[in-house]
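Colleague: Could you help me learn to read aromatic rings and buried residues in a model?

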Amino acid sequence: MNVGIATLKYLRHRHPDLRLPGMVRFVMTPRSVVDSSPEILGGEPVFAGTRVPVRNLIDYLEHGGNLDEFLTDFPSVTREQTISVLEMAREAAGREAAAG
């Protein structure tokens with residue numbers, strides 16, 4: 001999943017209570033969190049075991065929703081999955097920033 005630094009800065013600005021670095025890390029592999037298969041939404045990355053696109057989470061947060069509301073609206077996605085996706089996005093953004 002490729003989430004830009006600007007998106008993470010925006011999320012940090014809009015949701016100061018969302019503290020990814022200090023959160024308890026859940027032991028989940030990327031495969032147990034995100035799945036992509038041509039049979040499910042044409043291969044768009046979805047939360048594993050669901051048909052909910054990962055992009056929905058980012059879009060939801062960018063438009064002012066919070067994590068609890070997302071989880072209420074998408075009950076098939078777990079809190080652990082969403083936190084893991086956000087942590088993966090943060091780590092990818094860090095690698096992107098370090099690469100220049």
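Predicted model: local features only at pLDDT ≥ 70, side-chain atom pairs only at ≥ 80, totals over all residues.

Colleague: How is a pair of aromatic rings described?

Modeller: Two things describe such a pair: the distance of the centres and the angle of the planes. Here there are three aromatic pairs. In one of them, Tyr 60 and Phe 70, the ring centres are 5.6 Å apart and the planes lie at 70 degrees, so this pair is edge-to-face.

Colleague: Which helices do Tyr 60 and Phe 70 lie in?

Modeller: Tyr 60 is in helix α3 (residues 54-62) and Phe 70 is in helix α4 (residues 67-73), so their pair ties together parts that are 10 residues apart in sequence.

Colleague: And is Phe 70 buried or exposed?

Modeller: The cut-off for buried is under 20% relative accessible area. Phe 70 has 0% relative accessibility, so it counts as buried. Tyr 60, at 21%, counts as partly exposed.

Colleague: What kind of pair do Phe 70 and Phe 74 form?

Modeller: Their centres are 4.7 Å apart with the planes at 35 degrees, so this pair is tilted. Phe 74 counts as partly exposed, at 22% relative accessibility. Ring pairs also join Phe 47, Tyr 60, Phe 70 and Phe 74 into a cluster.

Colleague: Now the leucine: which residues is Leu 71 in contact with, leaving aside neighbours within four places in sequence?

Modeller: Those contacts are Val 77, Thr 78, Arg 79 and Thr 82. Leu 71 belongs to helix α4, and its relative accessible area of 14% makes it buried. From Leu 71 to Leu 57, the C-alpha to C-alpha distance is 9.3 Å, and they are 14 residues apart in sequence.

Key:
Residues numbered from 1 in each chain as written. Heavy atoms only, no water. Phe/Tyr/Trp six-rings, centres within 6.5 Å; stacked < 30°, edge-to-face > 60°. Helix = DSSP H or I, 4+ residues; strand = E, 2+ residues; numbered from the N terminus. Buried < 20%, exposed > 50% of the residue type's maximum accessible area, 1.4 Å probe, protein only. Contact = heavy atoms within 4.5 Å.
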